[in-house]
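Work through these exercises with the model open beside you. Try each task before you read its solution.

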Amino acid sequence: LRRTLVLPEFHCYCDRDEHPDIVKNDPPTFRKCTTPGSDLVLPYECPLDHLFDVSVWEHNLHGQYRESTFLKHPKVVARGMAETNIYVGSTVDGVPSIPINATDAEISRSLASFSDVPLLRFGLDVGGDTSDERAMNWAFGSFVNEDQNQRFNKLVSILLEGSWCCTSFDKSVGTWHFDPPEALGR
């Protein structure tokens, strides 16, 4: 589609801090995953660099993405960006849709008439649920070209490579590894 991806909100259930106390109990509240004395309420909306290596994203995506907060920035809000809702599944009250698990060619055909609309918001219409939280999980099934599927799968594995840790001192205590998503391919 030659568009810039605006990422969804990410919610963190542990603060990111370089000190090992982040993963210890904090008497008298015995809260884990916050810096002792912090008033941070968990979970919180966290930036991309709390979860992923942004330098890897920049190197591979060349700036063709934005964090979710981009749409809330005063300069973006002031522009009054035109937008269209697109549903995944079926048409809801005349709102356009794309098929579930669509190929890149099906998505391109379905959205061709919206090339002049700056912002496309995706929602889900499966069983009457029209939320947008899972819409993209259902929207894109695969590329028509198997080589493109393989390149995409490799890119996703690179972007999600590694692990996240809330401390740099003792990686074994606060590290979790991301499970890879299901690979594309028909």
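## Exercise 1: two helices in contact

In α1, V56, W57, N60 and L61 meet L155, I158 and L159 of α5; contact means heavy atoms within 4.5 Å. Helices (H or I, at least four residues) and strands (E, at least two) are DSSP runs, numbered from the N terminus.

Before going on, note the ground rules. This is a predicted model, where local features need pLDDT of at least 70, side-chain atom pairs count only at pLDDT 80 or more, and totals for chains, interfaces and linings use all residues. Residues are numbered from 1 along each chain as its sequence is written, and side-chain values use heavy atoms, with hydrogens and water left out.

**Task.** Describe how the axes of α1 and α5 are placed relative to each other.

**Solution.** 
- Step 1. Recall the convention. Two packed helices are described by the angle between their axes and the distance between the axes.
- Step 2. Read the values. The axes of α1 and α5 (residues 146-159) come within 9 Å and cross at roughly 155 degrees.
- Step 3. Classify. Angles under 35 degrees count as roughly parallel, over 145 as roughly antiparallel, 65 to 115 as roughly perpendicular and the rest as oblique. The helices α1 and α5 are therefore roughly antiparallel to each other.

## Exercise 2: the largest core

**Task.** Which residues make up the largest nonpolar core?

**Solution.** 
- Step 1. Set the rule. A nonpolar core is a set of buried Ala, Val, Leu, Ile, Met, Phe, Trp, Tyr and Cys residues joined through side-chain atoms within 4.5 Å. Buried means under 20% relative accessible area, exposed over 50%, partly exposed in between (1.4 Å probe, protein chains only).
- Step 2. List the members. The largest core has twelve residues: L7, F10, C12, Y44, C46, L48, L51, F52, W57, L61, Y65 and L159.
- Step 3. Find the contributing elements. Those giving two or more residues to this core are β2 (10-12), β3 (44-46) and α1 (54-61).
- Step 4. Look for another core. A second, separate one has eleven residues, including V88, I107, F114 and V117.

## Exercise 3: the cysteine pair

**Task.** Which cysteines does a disulfide join, and which handedness does the bond have?

**Solution.** 
- Step 1. Apply the cut-off. A disulfide is a pair of cysteine sulfur atoms within 2.5 Å. The count comes to one.
- Step 2. Name the pair. C12 is joined to C46, S to S 2.0 Å.
- Step 3. Check the torsion. About the S-S bond of C12 and C46 it is about 75 degrees, so the disulfide is right-handed.
- Step 4. Check burial. C12 is buried at 3% relative accessibility. C46 is buried too, at 5%.
- Step 5. List the surroundings. Leaving aside neighbours within four places in sequence, C12 is in contact with L42, P43, Y44, C46, H50 and L51.

## Exercise 4: backbone details

**Task.** Is the peptide bond from L42 to P43 cis or trans? Where do H62 and N101 lie?

**Solution.** 
- Step 1. Read omega. From L42 to P43 it is near -10 degrees, and the bond is cis. P43 lies in the loop between β2 and β3.
- Step 2. Turn to H62. Its phi is positive, about 50 degrees, although H62 is not a glycine. H62 lies in the loop between α1 and β4 (65-66). H62 is exposed, with a relative accessible area of 62%.
- Step 3. Turn to N101. Its phi is also positive, about 55 degrees. N101 lies in the loop between β6 and β7. N101 is partly exposed, at 39% relative accessible area.

Methods:
Axes fitted to C-alpha atoms, helices over the stretch in contact; angles between N-to-C directions.
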